[in-house]
Amino acid sequence: MNYGSKMADQQEKARLEAVESYQIEGTPSEEAFDELAWLAAQICQTPIALISIIGENRQWFKAHVGLDMQEAPREGSFCAAAISEPDVFVVQDAAADARFANLPIVNCEQGIRFYAGAPFRDAAGYAIGVLCVMDRRPRKLSAGKLQALRFLSRQVMGMLEHRRNLNRLAAQENFYHSLVESLAENIFRKDANERFTFANQRFCKMLGRQLEEIVGKTDFDFFPPEQAARYQQDDQEVMRTGRPLDKTELHITPDGRKLYVHVIKQPLTDAEGRVTGIQGIFWDETERIQTEEALAYERDLLNTLLENATEMVYFKDTQSRFLRCSKSMAKLFGYQKAEELVGKTDFDIHPQELATKFYGDEQWLFQTGRPILNELQQLVLPGGRKLFVIANKVPIFDANGKLRGLVGISADVSQLMEAQDARDRAREEYRRIFEEAIEGFFQTTPDGHYLQANPALARMYGYNSPKELIENLKDIAHQLYVEPGRRDEFIRLMREKGVVTNFESEIRRRDGSTIWISENARAVHDEQGNLLFFEGHVQDITDRKRAEAEKERAQQAIIEAAKLRSSILNNISHDLRGPINGIEPLARMFLEKAQTQEQREQAKTILESTQTLLQIVTDLLDYSRIEAGKLVIENVIYDLRDTIESIVTMMAEGAHRKNLELNAWFSPETPATVEGDVARLRQILCNLLGNAIKFTEKGEVCVRVSPVEQDDKTTVVRFEVSDTGIGIAPEALPLIFRPFVQADSSTTRRYGGTGLGLSICKQLVELMHGKIGVDSVLGKGTTFWFTLPLKPATSATIQDKSLQYTPALEGKRVMLVDDNATTRQILSEFLASHNMVVSQAESAAAALELLRTHTGRHFDFLILDNVMPEISGLDLARIIARDRLAEGARVIIAKHSGQEIGPEAQTEANVHGSLFKPIKQNKLLECLVGLSTGPGPEQASAYPSGKTDMALDRNLRILVVEDMTLNQKVAQLLLKDLGFEPDLAASGVEALAKLEKAPYDILLLDCHMPEMDGFQTAKEISRRLKDPTAGPPLKSAPYIIALTANATPGAREKCLSAGMHDYLTKPLSKADLREALRAAVTNRRANYSINAAADSSKPLDQEIIERFRSLRKPGQPDPLAELVELFLQEVPKQLQSLHNALDKKDAATIKKTAHILCGNSRNMGAFHLGKLCAELEQSAASGKLDNARDMVGKIMAEFERVKTALEQEIKK
């Protein structure tokens, strides 16, 4: 039976097209299909299984198990029948089935008896083929096996669909690849992680990489980081929003070329619509953009030209109509905008005749193609103004050579035409001036001949006419100039500079007389630079020279008179200062030793009169120097704080004598070390402080210092001197700085003075480029202020010594007792800045109340003002000691100058130290540290003062070298009062003779002496000490203190440069002398410390240890034990800090820690340990840490020696 005939032709055609769409026939075997056939045979337990594709005339086996055939005819086959069935087609026994019994495959030996086939169909229902099983014996299949056969046939269909999809996808991929490779654009794809998954060859070529080198990489592997980050930011935006990106951007290629590219990026999605990456395409737009930019640039240039050109610029078409024109041209012809001229012709803006000419010229240009160049034209502007222009018109052709119009430029030359007219007129005027001038004009050759001369020159030289002059003067150098070589000098200047200006010479006239002339001339060269001639003019300056000579003689006379006056003033100053300097110290001593009120009043009168006379002499001398212009402002490096404090200390005696409080306050921002004229600063402040003390009867005087302006080079510092004195009337303020002026006449009568002091201050301040002023309230007080620009010292060797003591005082509790609020404020701020805790009391009663109501509060230090109403500081200390109100606290008395507290009184009141007011801040810190850790070699001056403060040095040998008997006597008395027995010498020669015979520790050396002055003496001492063979050997190297009445700037520096160590001005005061001697003692101890440090065999200096032992008091803790305990606690911490800093190579911390260790070691008398620390500090300061670890090892070893020695000392 022909089963194929049952299918309609149309359906069969469609089925066959469906079969063809899978492109399965004739393809090689595939494992997946073979496995399905094998599985069908296994499930159905048949020896044969086939996957049969039913074509038009054949059945082709994609998979076959148990039957070695690839294909068979379709007609009459089992499978041909099976595809027509809706379900599994089963033939249980083919031999018994008339439809198949006669088939050769059934009738043969081992023929097929059983067949079961499940057709597999596409989505449209067309049977593509059959999955069948066969057996050589009749049989039946269970329902389960039939169901499995149906399932497996569907699997076959699914695999066919998958295979067809893969084929279609491959075809699409091939098409896509062919397409993208044929395009001129760069194409790439990336996944969601920004990795490249595809790139066409153009993209690969652009990167210079193969595809396999690109796939899997990101933009950061090929492009600069910023560019790659920008690309990925765009990718993320596309994937996040799902919207494509389309833009033009700058792209840098791997070889560094800059391109402009147009980029389009679109998201890629999977079957579920999820974004899986992006696809990008870009192409080079550089040429287009550069072309557009070039066109835009040219357009901008043209617009800028037309907008800003001062010339008339215009474009016309071939009909001479304006196309564009410059703004300046439009305004010339009365138009507000250039666009208003577009389309108009010359007939619209020029007169008919002129417009016709221009039109004819332009038509000729269009016909010939030749330009019109440099044509001078006269235009008539609206209003009738005429304008001269130089016109240029050039034809414009397009790229094909076709004439398109013209461009014209007309430049205004009206000013040039006017200048030409002016030159013509000037030439004529010059000729007239040349002929009629009273000055002589000339032209001469380089070899000395006149080419031209005007009548004035001829008359000046004594000739009747220029012709006569030219004919007679043939050798200017020898005939004209009186001084030989003067013409040669003229020629030299001409060659070097090309001009001479005010060249003054004496010349001979024709009659032999001489006159003075001044020449101004220039050299004239040709275009090749060859010298042609000199030309210039001459002025007769004979009268002026005579006047100058007279003036010079008069000035010389004035100078000689000024020198004489200065010499007289200096001599008078010296002659007056000598007796005065002797009287004042004696008056002070009489005042101190006066037994009765009458004696005190008499001594006070002598002292005040002497000081007034000395100030008058000083003021007159300074004013004379300023007036003569001889005052020189010097520039030296100095410690600003120390300078101010020393000035205030110097003035303290006068303030304390009137029971006034005197203070100095410094802003924390005040520079420590500056460059400037320290002597003049001292002079100004002394004058202002002297006035403040003089005009204040009660209250206080205070100096305040603070910076007000600052830049990279200078700091402007403001100085204020305020008082609570009588004040100044408002009407007197404008006159206060004038010379010889005081607020009123009664002031002079009551207080004295010359009225020069403030005038001198003002002039000194202004010489130093500063300002000065005054604020005052009558009856309440006055504040004088001035500002000075000071340069912060960058290479100063001066150091702030207070800083090294700060760690030892951190957290210490201080009670400050003073009835003056300003004093309390200044000291409290200063101590708090060093991390100390400060409590204040304004009276002794308040202090006692504070101590009694806060019994649990421990104070480390009590600073007590000794001059307070009702109860003095010393009495307060006695009460505190008696009532045991501050056990363990160190008590310091702040006393006025001249006050002495004996050792018995100090012991009775349990006072540990005393300081003079106003208290110097560094001295205060030295005292506090000294009382905390024990006095060091540099801290002696911070300890109790008076005759006992030099007990260790009472055997000092002091030599006073002074030529005046009175001054010898004064120095001797002052020194005796301080506990010394000095020797005397009347000259430098005598002083040297004494030094050759006996050792002296200190020399008080007068600077101005006959025979050999102090400077020569100091230099000779220095010379002999350096070279023992230079003269008889000296028995000692004394500490030299200069004595001079010359308080002028530079005197101190002159003394120090001569080899002296310190400087005192006359008249001598006991306080100044005491301070100078203290400095000398300190210096000797420091030198001793240095020498002791060289002796490394001894870990401790026994003198220092004994000094600590001498501080022991009955019933009190042992100060030596306390100091040793503190030292042994702190040093290991500092050594550990050194190790930590070494590990970090922190040179700054090493330097700081070594500095602290050095100071602490020397304070304890461990000088060799201190020396090792100083060497480490110096090494760290220079940044050299190579040997630092070895140096720290030596320091630790030496510390162990010191530790052992200290422990032994405690046991003694």
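The legends below describe close-up views of a predicted model.

Residue numbers start from 1 along each chain as its sequence is written, and side-chain values use heavy atoms, with hydrogens and water left out. Local features need a pLDDT of at least 70 and side-chain atom pairs count only at pLDDT 80 or more, while totals for chains, interfaces and linings use all residues.

View 1. The average pLDDT of the chain is 83, and 87% of the residues score at least 70; pLDDT is the predictor's confidence in each residue, from 0 to 100. Over residues 795-805 the pLDDT stays under 50, and the model has 17 contacts beyond four places in sequence for this segment. A contact means heavy atoms within 4.5 Å. Residues 1089-1094 also stay under 50, with 7 contacts beyond four places in sequence. Where pLDDT is low, the predicted coordinates should not be read in detail.

View 2. The side chains of R522 and E535 form a salt bridge with an N to O distance of 2.6 Å. The pair links distant parts of the chain, with R522 in strand β20 (residues 514-525) and E535 in strand β21 (residues 531-540), 13 residues apart. Helices (H or I, at least four residues) and strands (E, at least two) are DSSP runs, numbered from the N terminus. A salt bridge is defined as a side-chain nitrogen of Lys or Arg within 4 Å of a carboxyl oxygen of Asp or Glu, and by this rule the count comes to 64. R522 is partly exposed, with a relative accessible area of 42%. Buried means under 20% relative accessible area, exposed over 50%, and partly exposed in between (1.4 Å probe, protein chains only).

View 3. E653 and R657 meet in a salt bridge at 4.0 Å, N to O. Because these residues are 4 apart in helix α19 (residues 640-657), about one helical turn separates E653 and R657. Relative accessible area is 21% for E653, which is partly exposed, and 31% for R657, also partly exposed. In helix α26 (residues 873-882), D875 and R878 lie 3 residues apart, about one turn of the helix. Their side chains form a salt bridge of 2.6 Å, N to O. D875 is partly exposed at 34%, and R878 is partly exposed at 26%. An α-helix has 3.6 residues a turn, so residues three or four places apart point the same way.

**View 4. A network of salt bridges.** The residues linked in this network are K190, E194, D219, D235 and K265.

**View 5. A nonpolar surface patch.** I583, I606 and L966 make a nonpolar surface patch of about 220 Å². Patches are made of residues with over 30% relative accessible area and no salt bridge; like charges are joined within 9 Å and nonpolar side chains (Val, Leu, Ile, Met, Phe, Trp, Tyr) within 5 Å. Accessible areas come from the Shrake-Rupley method with a 1.4 Å probe, and for residues only the protein chains shown count as cover. I583 belongs to helix α17 (residues 542-593) and is partly exposed at 37% relative accessibility.

**View 6. Helix α9 and its cover.** The 23 residues of helix α9 (residues 286-308) reach 31 Å from first C-alpha to last, close to the 33 Å expected at 1.5 Å a residue. The expected span is 1.5 Å times one less than the number of residues. T286, I289 and L306 are the buried residues of α9. Their cover includes β9 (245-252), β10 (258-269), β11 (275-284), β12 (312-316), β13 (322-325) and α10 (327-332).

**View 7. Helix α35 and the residue after it.** The 26 residues of helix α35 (residues 1119-1144) should span 38 Å at 1.5 Å a residue, which agrees with the 38 Å between the end C-alpha atoms. Buried residues of α35 include P1119, L1123, F1127, V1131, L1135 and L1142. Just after α35, K1145 has a positive phi of about 55°.

View 8. Most residues other than glycine have a negative phi, and most peptide bonds are trans. Q23, in the loop between α1 (9-22) and α2 (31-44), has a positive phi near 50° and is exposed at 53% relative accessibility. N835 has a positive phi of about 65° and lies in the loop between α24 (821-833) and β30 (837-841). K917 and P918 are joined by a cis peptide bond with omega about -5°; P918 is in the loop between β33 (913-916) and α28 (921-933).
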